[in-house]
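Trainee: I would like to learn how to read a few features of a structure. Could we take them one at a time?

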Amino acid sequence: MKLFGINFAVGVATGLILEFQFGTNWSNYSWFVGDIFGAPLAIEGILAFFMEATFIAVMFFGWNKVSKGFHLASTWLTGLGATISAWWILVANAWMQYPVGMEFNADTVRNEMVDFWAVATSPMAVQKFFHSVLSGWVLGAIFVVGVSCWFLYKNRNRKFALSSIKIGAIFGLISSILIAVTGDQSGYLVAKTQPMKLAAVEGFYEGQTEAGLVAIGMLNPSKETYNDGEDPFLFRMEIPYALSFLAKRDFKAFVPGVKDIMEGGYQLEDGTAALSAEEKIRRGKLAVASLATYREAKKSGNTSEAAQSLAILKENVKYFGYGYINDVNELVPNVPLNFYAFRVMVILGAYFILFFLVMIFLIYKKDLTKIRWMHWVAMLTIPLGYIAGQAGWIVAECGRQPWAIQDMLPLNAAVSRLQTGSVQTTFFIFVVLFTVLLIAGISILSREIKKGLENS
């Protein structure tokens, strides 16, 4: 309980900073989509966070003041509140990946919500919720097993440690298997809604049918742009047909690569031909210019010109964000970062399944208290759980670059008008503060772990 509380406190401290950033660093973003993005965050704060805050107090301070049943219920409700909190935060994030349920208002120059449930229950939100929450469960299981193995290594609280390992390992194995399933579903959804992210994750430049998934590979550092003619890989080993099946659920399907997405021309699922990046930019700039013309015409009372400009804007509004792209190469994410981060996540995910399987075998079939090398393996696995989670978020967020909101608002149009120096100064201040917080958090966790059980 104490270890959970320490992690909870660090999460609250670091999460609060993000809330303020929307008004300071991302004011244009907040203006443009604040009506939509703010709704799930408001619900998270009012409903889920207050629920957590209420019952975590009972959990911590009510051990000898309330009945055991009520204390257990408060513990479960704290976990439920954290899960509900994750739902609404991930709804907001998923909307940035796959914006739905809104319309652009030319008079206010804002995107306004027209379908709350489309936002709250979008396929991207559902998949992101399960995948992210399951990753938290896997990390929690790794943490429990690793800390418990420390007790075994020190020959302390053995009964407590063995019971914790049994629960943690079984829970972790189930969660690890489920996260593999949700990861597959997430990949399929990304292929439909963010094909450039999938192409970057795979280092996939030339589209093809019966496309293979790269199991192991090293990218060519000499490749700088999608059309420079350089081979993207120094070497690679593929799983035949796997990428086609992941993206289309068809082993023979065509999967577009970075070059195809940039140059267009391939057939989309609706039967139309994909537009090139240059054409999208042209239509985006037309939409931006039409908006300016519409506002001027309406201000001057020229209704016919206003109506004409509004019609052009509505026809091209889906490409509005492309109007702020200055170079087509900006539309290609950092391929090496996404490629390697994805493989770190997947390799560690497979390792966790093996780790929990071995741990379950040893605790039920062998005497785990005497297998000291496995104690070290479990303890060293704890940081790998955090690394896997961070690698997943790198893919999720860096894979959609340069977009703050996919295909709608690029980063260069979302930021506030701040001097570079002020951003750098506050960034390094927070680097120092969070480094101190990290050191303090680990120190307090280590101290509490060394104390062991209070009643031991």
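Trainee: Which residues of α10 are buried?

Mentor: Keep in mind that this is a predicted model. As a general idea, an α-helix has 3.6 residues a turn, so residues three or four places apart point the same way. In α10, the buried residues are A277, K280, I281, G284, A287, S290, L291, Y294 and A297.

Trainee: How many residues does α10 have, and how far does α10 reach?

Mentor: Helix α10 has 24 residues. From its first C-alpha to its last the distance is 35 Å, close to the 34 Å expected at 1.5 Å a residue. After α10 comes G301, with a positive phi near 85 degrees.

Trainee: Let us turn to pockets. How much space lies in the second largest pocket?

Mentor: Rolling a probe the size of a water molecule over the atoms shows where empty space is left. Here the second largest pocket holds about 1,400 Å³. Its lining is made up of 50 residues, and those closest to the centre are K192, T193, K280, K318 and D407.

Trainee: Which helix gives the most to the lining of the second largest pocket?

Mentor: That is α7, which gives 4 residues. Elements that each supply at least two residues include β1 (102-105), α6 (158-193), α8 (242-248) and α10 (277-300).

Trainee: How do the lining residues divide into nonpolar, polar and charged?

Mentor: The lining of this pocket has 29 nonpolar, 11 polar and 10 charged residues.

Trainee: Is K192 buried, partly exposed or exposed?

Mentor: Its relative accessible area is 46%, so K192 is partly exposed; the exposed class begins over 50%. K192 sits in helix α6. Between the C-alpha atoms of K192 and L380 there are 38 Å, and the two residues are 188 residues apart along the chain.

Trainee: Now a residue in another helix. Why does N93 count as buried?

Mentor: The cut-off for buried is under 20% relative accessible area. N93 counts as buried because its relative accessibility is 11%. This residue belongs to helix α3, residues 68-97.

Trainee: Which residues is N93 in contact with, leaving aside neighbours within four places in sequence?

Mentor: N93 is in contact with K128, W393, E397 and R400. With E397 there is also a polar contact of 3.2 Å between the two side chains.

Conventions. Residues numbered from 1 in each chain as written. Predicted model: local features only at pLDDT ≥ 70, side-chain atom pairs only at ≥ 80, totals over all residues. Heavy atoms only, no water. 1 Å grid on protein atoms, 1.4 Å probe; cavity = no way out; pocket = protein on both sides within 12 Å on 5 of 7 lines; lining within 4 Å. Points joined across faces, edges and corners; volume = space filled by probe spheres on them. Nonpolar A, V, L, I, M, F, W, Y, C, P; charged D, E, K, R; others polar. Buried < 20%, exposed > 50% of the residue type's maximum accessible area, 1.4 Å probe, protein only. Polar contact = N/O pair within 3.5 Å; in protein donor to acceptor, adjacent residues only side chain to side chain. Contact = heavy atoms within 4.5 Å. Expected span 1.5 Å × (residues − 1).
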